[in-house]
Structure formats: C-alpha cells, structure tokens
Amino acid sequence: MTDGTALEPVRPPRSLPEPLRRALDATIVAVLVVAAAAVVVLAGAPLSWLALGLAQALPLWWRRRYPAVVLVAVSVASAAQLPVLDIPLVTQPAFPIAVYSAARFGAPATGWVALGVGVLAAWFAGYDWTTADTAVVNASTVTPWLLALLGIVATTWVLGTLGRVRASYVGALLERNEQIRREAEQRVALAATEERTRIAREMHDVVAHGLSVIIVQADGARYAAEHDPAAAPTALGTIARTGREALADMRRMLGLLREGETGTAPVPDLGSLRALVEDSQVPARLAGLERDVPGVVALTTYRVVQEALTNVRKHAGPDAGATVDVEVGATEVVVRVRDRGRGAAATPTGTDGPGHGLVGMRERVTALGGEVSAGPASGGGFAVSARIPL
C-alpha cells in the first residue's frame, strides 16, 4: 500500500462449481438406484430390496443442503434393513456417504452425532451380517466385520470433518483478508485526505501572503506615481515578482491535487525568511538561520512568520509597522512578530474576510510539540509568539 495502490481481493481456493456438484450428487444417486434395480431384475431379488435401496439412495440428492435430515433418513432406511435381510445391499455405501456429508456440510454437533450413529450401526450390522455368514457367533467371527465397518465409518467421518474444518479456516482467512483490504483502502483514502488538507493549507499561506504583498506594493506604487514617480518601478517590480512566485507555487500545488499528475509542493527553508521580510519591508532580527534544522521545522517557522505578516497587512490598519524576531537556538526556534496596529480592535480589511491563518499556525506548531500564543500586546498592537522544539 506504500505506492497508493489497492490490495487485490484474494481468490478462494479452486473448488467444483455448483453445476458439477449437483451432477456429482445425481451420479451417486443414479449409480446406487441402477445397481439396486439390476439386482432385482437380473438376480430376481424381492421388490423389498429395491424399496430399501431407493430409501437409502434417494435422500443423498439433498446431502449438501440438508445433511442432518439426510443422515436421519438413510439411518432409518438402514435400520429397517436389519429385520428384512441379513446381508448387505448394493446401496449400502449410502450410509457412509451420509456420515461423510453430515460431518462435512453440517454443524460440528451434527458431525459428532453422525459418528455416534455410525459406531452403533457398525455394531448392529456386524452382528447381523455375521449370523448370515456363519452359524457360530463369537468374538473371532464378529471382529472382522466390526473392524471393517468401523474403519469405513471412521474414515468417512474424518474426511468429512477435515473438509469442514478446512472450509471454515479458508473462509476465515478470506474474511480477514477482505477486512484488511478494506482497512488498507480506508487508510489510503484518509492519507490522501490529510495530504490534500495540508496542500490546501499551503495554498492558503501562499495566496494570502502573495496577495497581501501585492496589495501593499500596489498602494505604494499608486502613491509613488503621484508623489515620487522614480519609486514606482521598484514597487511594480516587487508586485510582478511576487505574483509570478505565487502563481508558480499555486501551479505546483494544483499539480498535486489533480488526479494522475505529479508535482512538488513549495518547501521554503530558513534562508527564505530573508526574502520574506525584505518583501514585507519590516525590520527583522534573524539569528541562527545557518543552523541545520529539520525541514518540517524550517517550513513551519517560515509559515508562522508569513502568516503573522499577512495578518499585519490585513488587520493592523494603515501605516502599521511590525518587527520580526527569529532566533534558531540549540534546542528550539523562537519566533516573535509584533505590530503597532489596532490590536484587540482589529477587524479584517478589504473584502477577503476572516481566514484560518491562526488556526493553521497553531495546528502546525502543536503537531511538532511546540506552542503558539497570539493576541493583543501590552502597550498596543498585536503579537504572535511561537516556540518550536528541535
């Protein structure tokens, strides 16, 4: 999931499709019924043998859907055989098939009942068939029949139980895989949402700062055009440069937001602070910018100063000056931005309305374990202070 691709659902193990399963059941029933009819027609057996054979074979058609009912029906038909004749019928395999089906397709309790019924049937059938085979009934004559029948019952029960356990285990694995796949897709969606939120915050910072600089420089250019025409080109150049930079940053960020496109979000560093305060034309003390700090700390420091200066232009009022103090120490970065504007009485100027700059600023700094304070300063004006640990 690191590349953003979704996990493919795991395919279940290969098994017989439903039509082939029904065909197999029909084949089993047909073979047993034809064998029972052949014994009556070819060997001249009584019709009661055919009736018993049909009673044992026909229920197997429903062995997958109603395994417990089929076990009861085949067991009753097999028990009815004992008083009628003392030899096995050709449809006798229906009983171990019913035991297998009960253990394979039924509940665990049904499987245990099938095993118990099978052991009892083996005892009674072994004794009954021994009397038909020999006049002397003792342990040595009954044991071979009993062991053979018990072996058949135990084998079919074990095979059915193993099949049921395997199917249950595979089903649990498939369900777990599906759950993991859904959770992975949700994590990818959440990560994409968080990234888009981060990019939107970056875009807010870029647009708000760029437009505020342009507005200030445009006002200065208008004033210069009337009183000092020689200063107008400088202001207009700053407007053009700021506009181009903001436009380039927006294009890179929009590239990240577009589906199927790539881009690189602007990542200012501490060195970018000098150009930021120069464009803003405010006094600044920048200490320790040459220190090597994590990129996320540098970006957060830049955005705090940028947002604070943007708020000065938007809210401090006309001709309100500001000072910037950034000190990069050994354990933390300290940022202080203070203006001499309207402070608590400040209201948004222009038509851009209230923004989310302070909220985003707090989110950035708090995420790094730092703290931010912003509010009216003593003696007037507004102050923003942030401490960002390294």
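**Entry 1**

I began with R63 and D25, and both are buried. Buried here means under 20% relative accessible area, exposed means over 50%, and partly exposed lies in between, with a 1.4 Å probe and protein chains only. I note that this is a predicted model: local features need pLDDT of at least 70, side-chain atom pairs count only at pLDDT 80 or more, and totals for chains, interfaces and linings use all residues. Residues are numbered from 1 along each chain as its sequence is written, and side-chain values use heavy atoms, with hydrogens and water left out.

I then looked up how R63 and D25 meet. Their side chains form a salt bridge, 2.9 Å from N to O. The term stands for a side-chain nitrogen of Lys or Arg within 4 Å of a carboxyl oxygen of Asp or Glu. Side chains of opposite charge can pair when their charged atoms come close.

I placed the R63 and D25 salt bridge (2.9 Å, N to O) on the chain next. R63 is in the loop between α2 (47-57) and α3 (67-81), while D25 is in helix α1 (residues 18-43), so the pair ties together parts 38 residues apart in sequence. Helices (H or I, at least four residues) and strands (E, at least two) are DSSP runs, numbered from the N terminus.

I read a relative accessible area of 1% for D25, so D25 is buried.

I moved on to R182 and E178. They form a salt bridge, with the closest N and O atoms 3.7 Å apart. Both residues lie in helix α6 (residues 139-227), four residues apart, about one turn of the helix. R182 has a relative accessible area of 41%, so I logged R182 as partly exposed. E178 is partly exposed too, at 23%.

My search of the whole structure gave ten salt bridges.

**Entry 1: aromatic rings**

How many aromatic pairs does the whole structure hold? I found one. The ring centres of W112 and W157 are 5.1 Å apart and the planes are at 50°, so the pair is tilted. Rings of Phe, Tyr and Trp (its six-membered ring) pair if their centres lie within 6.5 Å; planes under 30 degrees apart count as stacked, over 60 as edge-to-face, and the rest as tilted.

W112 is in helix α5 (residues 108-133) and W157 is in helix α6, so the pair ties together parts 45 residues apart in sequence. W112 is exposed at 57% relative accessible area. W157 is buried at 14%.

I also looked at W61. The charged end of R22 sits over its ring, 4.3 Å from the centre. That label needs NZ of Lys or CZ of Arg within 6 Å of the ring centre and within 35 degrees of the ring normal.

**Entry 2: two helices**

I compared spans with expectation, which is 1.5 Å times one less than the number of residues. Helix α4 (residues 94-105) has twelve residues and reaches 16 Å from its first C-alpha to its last, close to the 16 Å expected. Its buried residues include F95, P96 and V99.

Helix α9 (residues 295-315) has 21 residues and should span 30 Å; its end C-alpha atoms are 30 Å apart, which agrees. I noted that 19 of the 21 residues of α9 are buried, so α9 is largely enclosed by the rest of the structure.

K314 lies in helix α9. At 11% relative accessibility, K314 counts as buried.

**Entry 3: positions in α6**

A221 lies in helix α6. A221 is buried, with a relative accessible area of 9%. Its C-alpha atom is 5.5 Å from that of A235, 14 residues apart along the chain.

I152 is in helix α6 as well. I152 is partly exposed, at 44%. The C-alpha atoms of I152 and A122, 30 residues apart along the chain, are 9.1 Å from each other.
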